Structure formats: structure tokens, C-alpha cells
Amino acid sequence: MRTAYSVAAVRTAERELMDRLPEGALMQRAAAGLAVSCAELLGRVYGARVVLLVGSGDNGGDALYAGARLARRGAGVAAVLLSPERAHPGGLAALRAAGGRVSHDALRDLGRADLVVDGIVGIGGRGGLRPEAAELARAAGESAIVVAVDLPSGVDADTGEVRGDAVRADATVTFGAYKPGLLIDPARERAGALRLVDIGLAPPATADAEALQHADVAALLPRPGAASDKYRRGVVGVVAGSARYPGAAVLAVAGALRGGAGAVRYVGPAAEAVLARFPETLVHAGPPDKAGRVQSWVIGPGIGDEYGALEEVLAADVPVLVDADGLRFLSADRVRRRTAGTLLTPHAGEAAALLGRAREEVEAARLAAVRGLAERYGATVLLKGSTTLVADPDASVPVRVNPTGTGWLATAGSGDVLSGVTGSLLAAGLPPRDAGSVGAYLHGLAARRAAGPEGTPIAASEVAGHLAAAWGDVMG
């Protein structure tokens, strides 16, 4: 599992480590790891032209010491000092001793660079870059490889927010631990490829954010035993579709059939369309409380204004996933009164409506939005988007960040498939946070498979069709 920690937690761990090490040793560890990563990205260090963008803090010191190491290997290294009087003195002396120099024409040197090291602002920075630094950052990205030190300058390490101009890196070399902003958009897409350098930190036991990997998902996936039957494996009820949107029901059922439960019970007006595609589905005209026993409910995809079943589903003493149109009629008080788990799965627009904010605000501050919704509704919330986040109603529990997916998932009906597979995982016994995290992970892998290595347009039904293969990828 990839875990990320707040700036405060990282700072505390750094102080504890520095108390046990000789002065400057921690910076040397960071600089060594940074230099190795830069060398790997260059391929050939001797004769390469490297420019360091150096701010006033330890971040700039890391860049200077790494630049000295590259200079000793034959690179031509020039340092652009944004605050010359506050540049790290030891790092600057080391660079000069190794044959590096201070740049007197930053734009010229940047235009000739093979690699640029962003050491402008460290993890304690807030807000966007100042105009001078922003101009240098834009120039750096025109032709050279850009490597950020710890995180791209101008992004918020704790939240992933970008409140102005920021560096856009090809790679980010981070030290000791990941920071939440490296995993969460809009900052994540500015970080490029992530490389973690172990400098000996011992972060706290509980992370602020975490991202599952194959082994974590494999450990959570439900597996039938020798005594299993379709009912013991769980039955997921799906209330979806309408006369106007029958396809939403078909797609939600498609996801549910491949989500690990033993059976899918569909309730709604699209039974004919569902059975034509999936004859194994159990169908009922409704209402939900007369349809038969289920271990979870999914409600909302494509129901339009036909929300009469929502109260019946929320009254059931089983986990409930509410998506799409179901979210429009949701009461926070009603959800908070439930005793079984509730999982809400909005996209940014739906989240904005639930929070009474503009969509742009949610997209700019995704972590705050998902945390705010989980607190308001007392429910687990899966916020869909460029980075899908899963937040528990308990704010002390780390937010899960889904690392899979592709931009091609931004297509009609893909959320219906996600609701189905996640609801099925709920029926199979996974708690809401795990069901949401695993569902998003498999959904993203299936989309990658559907889009192929070159990345081509996909339809939601193709995502559903690749879920079994995604499951196999995780288990294999």
C-alpha cells in the first residue's frame, strides 16, 4: 500500500531523525537519492546540461547538493538563485567546489538545459508561485526534463490544491514518505512519475491518505468457499433505470454481476432490457421491500424523477449505495439515522450540488469536498473524478486514493457500472470503504484494458466486459 502523510507528520519525523544523525546527514541522504534519480532520467550524465532552480529553504539545499554530485560526474550544472542572499550556504559552496556555477542568464541557461531541477519551494509552501518563479517554471518546461524536489513548487502538499502558478514536472523525487498532494488532483497531474527516496524516516502508524495496490485489493476480494451457494455469497439489489434511461439499469446490472456477489436482483421498469442482456438476473416489478432478500442495495442510476423507492431502500437494514439521480433526493438527516452502512458515489457536479458549492470549487479542492460530504451525511463517500477518493465518516481514517483508471473513463454510463460492481462487493460482505476502494480499483483496471495500450475511446459496456479480466490481473 502506498501511504501519504501530512506536512506536520513528516516534519515531526524529520526532527526526530535529525536528533539522532550528524548535522546535515539527512540533507545528504536526500541529495544523493535526488542525484541518482536525475542521472537515471538523463541516461548519460557526462556532458549533460543541468539547471537548478533554487529557492531559499532546505528544498533549495537539496537541489544544490544534488547538483554538486552531478557536476562531479561531468555534468555542466548552473544554479538559478531566486533569493541569492538566502541560498543554502553549504549547498552553494559544494556546487562551486564541484565545478558548478551560478547562472547570470537564467532564460538562456534554461533554453539549453537537458534537465531542470525544481528546488524553488518545499513542502511547507502555500499558494502559487511568485511571478518571477512562475516565468522560470514555464521556461523550464519548454524542452528539458523537469524534476521536482519533494513536490512540484506551487502545489499544496497536504491537499493537492493548486492556488496559482505551479511547476509541471515530468518526475517528482520525494523523500521519506509520500505527501497527500502527490496523490490527489489537481496537484497529482503536475507531479509526473513519482519516485520515493528512503531517508530513514519513521512516519506515524496512521496515514492521512493511502492508495491500494494489487496485493491489497487481492486480500480484500471476496472468494467463494466449498460450502458457498449463490445466497451465501450475497445478493445485491439494483434499483436503476427508467422508461427514459433503461440502459442505466443494464449497465448497473452488468457491473453487479461481475462484482463478487452470488446473485443480482433487479427492481424497476427496465426488466425487459435487463433480461434480454442478462437472463441470469432475478427481476421484480417492485416495490423493493417486496422483491426478496438482499444483502445490499444500489439505487439511483438512471431513475430520473422516479425516486419513490429511495425511502424504502434507505429503511432496509443492509448497506446501501446511492448514486446519480438518487443523490438529488437525499436527506442528510435521513442518511445519518441509518444503522447499516451507506456509500454515496457522486461525481464533482453532484458533490457540488450536495455541498451547495460550484463544481469548480469541488474540482479544485477534492480532498476537502469528499471529507466535507462524509461528515455532513455521516456516510462513506466515493468522489469520482480524475482521482477518485473514498472518505470514511470518521475523519481519523485515511482517505483512500484510487491509483487506477484512465481519462477514457469519462464516458456516459461508466459510473453506472461502478455502482453495480461496488454494490455487489457490499453484498459480498465488504465494508463501504473497502467496497468503494476495491470497486474503483477494478473499474479503473477494466477501463485501462478496454482502452488498450495506445488509449482509445471506450464505451461503458466495454468496461463492464473487462471486469473479469481486471479481477484476474489482481489475483494473478
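Predicted model: local features only at pLDDT ≥ 70, side-chain atom pairs only at ≥ 80, totals over all residues.
How does the chain get from β10 to β11? The path goes through helix α9, residues 246-257, and this β-α-β crossover is right-handed.

Now, is β10 buried or exposed? Five of the five residues of this strand, 235-239, are buried, so β10 is largely enclosed by the rest of the structure. Look at which way they point: Val235, Gly237 and Val239 go one way, while Val236 and Val238 go the other way, and all are buried.

Let's move to another part of the chain, with a sheet you can trace by eye. As a reminder, strands of a sheet pair through backbone hydrogen bonds, either parallel or antiparallel. Here, seven strands form an open sheet, and the pairing is parallel. Reading across, the order is β4-β3-β2-β5-β6-β7-β8. Which strands sit at the edges? Those are β4, residues 101-102, and β8, residues 193-197, each of which pairs on one side only.

Within that sheet, find β2, residues 49-54, and β5, residues 115-119: five bridges join these two parallel strands. A handy landmark is Leu53, which stands opposite Asp118 in β5. Lying across the sheet is helix α3, residues 58-72, which covers β2, β3, β5, β6 and β7 and runs at about 165° to β2.

Last topic, the nonpolar cores. The largest one has 57 residues, and the members touching the most others are Leu34, Val50, Leu52, Leu70, Val77, Val117 and Phe175. Which helix gives the most to this core? That is helix α2, residues 25-42, with nine residues. Zoom in on Leu70 and, leaving aside residues up to four places away in sequence, you'll see contacts with Ala35, Cys38, Ala39, Val45, Val50, Ala75 and Val77. There is also a second, separate core of 52 residues, including Phe278, Leu343, Ala464 and Ala470.

Technical notes. Residues numbered from 1 in each chain as written. Heavy atoms only, no water. Core = buried A, V, L, I, M, F, W, Y, C linked by side-chain atoms within 4.5 Å. Buried < 20%, exposed > 50% of the residue type's maximum accessible area, 1.4 Å probe, protein only. Helix = DSSP H or I, 4+ residues; strand = E, 2+ residues; numbered from the N terminus. Contact = heavy atoms within 4.5 Å. Pairing = 2+ DSSP bridges. Axes fitted to C-alpha atoms, helices over the stretch in contact; angles between N-to-C directions. Right-handed = clockwise from strand over helix to strand, strands pointing away.
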